[in-house]
Amino acid sequence: MMLCPASAHAQAFPSKSVTIVVAYAPGGATDVIARAVGHRLTEVWGRPVVVENKAGANTQIGAAYVARSAPDGYTLLATSDGTFVTNPYLYRTLPYDPVRDFAPISGLGVINEALVVHPSTPLRNVGDLIALAKAKPGELNYGSFGGGSPPHLSMELLQSMTGVKLNAVQYKGGGPALADVIAGHIPMMFISVGLMVQPWKAGQLRPLGVGSSERLVEFPELPTIAESAPGFKATTWFGLFAPAGTPKNIVQQINNAVQGIVTDPGFREQFLAPNFYEPIIGTPEQLADLIRSDAEKWRKLIKGANIVSDE
């Protein structure tokens, strides 16, 4: 990729500490990858990169804070795709504009979801689920944690693509929902592959399929859901953003640094692979294109199914 010579301003960046605002609580998938990348950025830049958690209102608090920050590259937002591709359609109003208030910088990583069931069910694959759901419309329950949450939207997408009708049982969080699937109180739910592995290996869950477009290298025996529902995809991606108006040369400089980290074989081996993240490789413009395409996909689903957030 050809880049123009950096200006003196870009060469001086960063001249002080950089803050990455994570729009979620500590310990979640966004926080984990933001801290790992932030640690490496500190090494690359020789300047402290501080991570601050500003959680709440399905990322609205953190996003609004960064949107109002100075557009100088020193306050950045780490968040999931939902901030930009589902929130605009789940809420009547937002305290930020997902298009006008931000400059996309770089993707950080992607996690794949898996559709899991309790081992006592007769279901062995997604085809079995589709057949049973068509035989018993609206009778099969699945776990979720709020209207508009990723597990809810993934199941709504599967329903819309296969013509089946399932019943959502909403929980206050992913942990309680997963606990009830393991206990056999509800038969199934979508969870991240990282959360699936341990209970699967312990015989507490049975995965029917994964939401990636191709079979996972780590688990080639697991089919993709798309093998039964062509075109289906259930993933969550995470990205880094700056306030709108941040100079393009600074945005590009941050992108270069982040891309150098997420494509580094050592970082992949030590962090991404063990945590079941896949890197996002691309330019700020490619991240903006991803947002546009995903936003249209979820707009159609959310409006068509009349989904509103529980928050």
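Student: In this structure, is N306 buried or exposed?
Tutor: This is a predicted model, so we read the value from its atoms. N306 has a relative accessible area of 65%. The cut-off for exposed is over 50%, so N306 counts as exposed.

Student: Where does N306 sit in the chain?
Tutor: N306 is in the segment after α12, the helix of residues 284–305.

Student: What is the phi of N306?
Tutor: Start with the general idea. Most residues other than glycine have a negative phi. Now the case here. Phi of N306 is near 55 degrees, a positive value, and N306 is not a glycine.

Student: Which value does phi take at A57?
Tutor: A57 has a phi near 55 degrees, again positive in a residue other than glycine. A57 lies in the loop that runs between β2 (49–53) and α3 (60–67). Its relative accessible area is 32%, so A57 is partly exposed.

Student: Now peptide bonds. Is the one from F13 to P14 cis or trans?
Tutor: In general, most peptide bonds are trans. The bond from F13 to P14 is cis, and its omega is near -5 degrees. P14 belongs to the loop between α1 (8–12) and β1 (18–22).

Student: What is the mean pLDDT of the chain?
Tutor: Read pLDDT as the predictor's confidence in each residue. Here the chain mean is 94, with 96% of residues at 70 or more. Residues 1–10 are a stretch to read with care: their pLDDT is below 50. Beyond near neighbours in sequence, that stretch has eleven contacts in the model.

Student: How many cavities of 30 Å³ or more does a search of the whole structure find?
Tutor: One. The volume of the largest cavity is about 30 Å³.

Student: Which residues line the largest cavity?
Tutor: They are I20, A34, V37, L41, A78, L108 and L240. Sort the lining by type: seven nonpolar, no polar and no charged. Helix α2 (residues 29–45) gives the largest share, three residues.

Student: And pockets? How much space lies in the second largest pocket?
Tutor: A pocket is an open set, unlike a cavity. The second largest pocket holds about 610 Å³. Elements giving two or more residues to its lining are β4 (102–117), β9 (235–243), β10 (277–278) and α12. The largest share, four residues, is from α12.

Student: Which residues lie nearest the centre of the second largest pocket?
Tutor: Of its 25 lining residues, V110, N112, K233, T235 and E278 do. By type, the lining of this pocket has twelve nonpolar, four polar and nine charged residues.

How values were computed: Residues numbered from 1 in each chain as written. Predicted model: local features only at pLDDT ≥ 70, side-chain atom pairs only at ≥ 80, totals over all residues. Heavy atoms only, no water. 1 Å grid on protein atoms, 1.4 Å probe; cavity = no way out; pocket = protein on both sides within 12 Å on 5 of 7 lines; lining within 4 Å. Points joined across faces, edges and corners; volume = space filled by probe spheres on them. Nonpolar A, V, L, I, M, F, W, Y, C, P; charged D, E, K, R; others polar. pLDDT = per-residue confidence, 0-100. Contact = heavy atoms within 4.5 Å. Buried < 20%, exposed > 50% of the residue type's maximum accessible area, 1.4 Å probe, protein only.
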